[in-house]
Amino acid sequence: MSAAATVVETTSHLKPLISDLGLILMTAGIAVLIFKKLKQPLVLGYLIAGFLAGNHFDFFPSVKDIKSVEVWADIGVIILLFSLGLEFSFKKLMKVGGTASITAVTQIITMVLFGFMAGKWMGWKLMDSIFLGVILSISSTTIILKTFDELGVKAQKFAGIVIGSLIVQDIIAILMMVLLSTVAATQNFSGSELIFSVLKLVFFLTAWFVAGIFFIPTLLKKAKHLLTDEMLLIISLALCLMMVILAADVGFSPALGAFIMGSIIAETTQAEHIEHLIKPVKDLFGAVFFVSVGMLIDPTTLYEYAGPVLILTFITIFGQSISSTIGALISGQPLKQSVQTGMSLAQIGEFSFIIATLGMTMHVTSSFLYPIVVAVSAITTFTTPFMVKAAVPFSEFLEKKLPRRITKKINRYSTNAQAIRAVSTWQVVIRTHLIHIVVHTIIITSIILLCSKFVIPLVEHSKFGNAIAALITMVIISPFLYALSLRKIAVKEVASLFKERKYKGPILMLLFLRMGLAVFYIGFLLNIFFSPIIAFIALVTALITYFLFPKKLHAQYHKIEGHFLKNLNDRNEGDGGKINRQHANLTPWDGHMTSFTIAKESNLAGKTLREIKMRELLGVNIAYINRGEITIQVPNKMERLFPGDQIGVIGTDEQVKVFAEYLRQNEIEIPEKTNNEVVLRQIELDNEEFIGKAIGRSKLRELTQGLIVGIERNGVRMLNPESNIIMERDDIVWIVGNKKLLDKMFVDR
């Protein structure tokens, strides 16, 4: 085939892909302009724009190849989930309180049941009903955060509960995606299959997270002086796609891989910078994804299933609101915050689209499910801001209408629930040992699997190939085997329990369990991948090593653990040890702590707390000031505020709202930008106004905000002429000055 023919063929394949992308971006751009003007969520605009630009309307340009739209949508999902991961991080999950967890779990269980029963009631297939239940259970992070920003309620107490619930929902959504993939692939609801899928997910999540935290922050720190913004963006996307490939290879969704890598990078010191660099890419592909989703909606299907759309919208709005409110009440929140939390979570969004797409691509759900889900999402996206606004009036209405004894019980339960924080020593010991065993089990298993896959092929042709591979494996896992079997954990708690006779037996059993697991890994797993003789020799070698070099093993493990913990905590340390106190609260007084940053342009900068009188005028207290590496706890009245200070403010929702407005009012208004471009301009002097005058007396400097840097006269050039030089006709004058003023002075005349 000739080169010209190859180019023609390539162009013919490329053209629909590029033209369809152009159409997607054009419709997204129009949607942005219209919905920004209407002050509506952009996600809704993207969906409607995609719907109108699909293949179902002749009066709009439409895509030529639906497959290319699906390609762009797949890329959009990956980038969107990577961005969500950057905002997520597993450490945030560990910090999420019981309130958010109970709220999220209550909502998800309730909505899965509601959705499943609604599907069966409407006569849908079993798989359609299962997918519907999961789809209706996940609220939209994108829509909620956007709504909170637009309404300015992010600093209020209930927002912390909502954001925490979204974090829990995200990780449960990932788990449900894996379970649905298993059910869809096997068409089997075997309990053993589902348990295996959960264990497989836990195994790979832990292995990826531990390895990622160990290596990736180190890589970024070592290469920091080499990394430009461009290189950092490329490396971040490369890491994302690498994890996408790994996830696909082990049978998970590519979106899961993107989410995991985002959450790993979220623990690095570069996380905020990477998030900033990724934002334009996320906005681009997020728009592509949502427009693509809209393009896949069939209007005839929507018309045919208008009834189910309305029913499911009703179930989503009221089901999510009620279940989330009940969950927040169970967790011990007051009625007002519980209602606000519930009514904020009443929508479905990006994860619902992804789960619906999963069912469609695996060919286990009916064709009508996808457009119905998108329609429900579009309606609930539109209603979300109104639900958030109506939450406070509705909670006040409930407080008035509910019997007095019920509201008293809710308040009493809320107060008592917040006070119950104690955890028994035995619970601490069990939990610590369980985490220790699970993490080290996964690390050791992962190392053995990797060595069997990559080390054995390298040495299998040598005479003692298996022995060499086993030795390498043993050397690598020896610190972790030591930690699993002999390392002391929860030392103070174990020591206090060991003094009581009834706990001595259980504690010794825990120790023997750990030692038995170490023997199991040395013997059983090495036997599987190598041979019984090799396993026996490895067991003997390990025992001798334990007895001869316990300190070296301890030191080696301590070094590995120290490196991991340093990488894990670097971001917090880089923030000067700042603690996010936004979700701290003073139940039941409706008080909570919120952090604010003093802007560079604030009139408050440089003033003392006594001069500002925050407590006297606004009723709020300053609990701390974070200034660079320094944290000033409970500052006195003579402490000054400086630009960039992060302050912790304690007050009610209303007081915090007033304080936020007070900060905004005290920011210095920056004048509208003018054209201050400075240019070097060559001018031939023929203006009588300046001829015969000295440079200093001509007022050219004032008129042009500029400076005469050169004069050319009769072929003679004077650089940086003195101010007493007289300007003559036909002089060529070089002036550095304001472009707008120079144009007005010499061009417009």
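Q: Is F659 buried or exposed?
A: Buried means under 20% relative accessible area, exposed over 50%, and partly exposed in between (1.4 Å probe, protein chains only). F659 has 0% relative accessibility, so F659 counts as buried. Y662 counts as buried because its relative accessibility is 19%.

Q: What should I know about the model itself?
A: It is a predicted model: local features need pLDDT of at least 70, side-chain atom pairs count only at pLDDT 80 or more, and totals for chains, interfaces and linings use all residues. Residues are numbered from 1 along each chain as its sequence is written, and side-chain values use heavy atoms, with hydrogens and water left out.

Q: Which helix holds F659 and Y662?
A: Helices (H or I, at least four residues) and strands (E, at least two) are DSSP runs, numbered from the N terminus. Both residues lie in helix α27 (residues 653-665). They are three residues apart, about one turn of the helix.

Q: How many aromatic pairs are found in the whole structure?
A: Rings of Phe, Tyr and Trp (its six-membered ring) pair if their centres lie within 6.5 Å. Planes under 30 degrees apart count as stacked, over 60 as edge-to-face, and the rest as tilted. The search finds nine pairs. In one of them, the ring centres of F203 and F204 are 5.3 Å apart and the planes stand at 90°, so this pair is edge-to-face. Both F203 and F204 are buried. F659 and Y662 make a tilted pair, with 6.4 Å from centre to centre and 35° between the planes.

Q: How many residues has the largest nonpolar core?
A: A nonpolar core is a set of buried Ala, Val, Leu, Ile, Met, Phe, Trp, Tyr and Cys residues joined through side-chain atoms within 4.5 Å. The largest one has 139 residues. L81, F131, F289, L312, F351 and L481 have the most contacts inside it. Helix α12 (residues 271-295) gives the most to this core, with 12 residues. Apart from it lies another core, of 18 residues, including F596 and L641.

Q: What does F131 touch?
A: Contact means heavy atoms within 4.5 Å. Leaving out residues up to four places away in sequence, F131 touches L180, I355, L358, G359, V364, T365 and L369.
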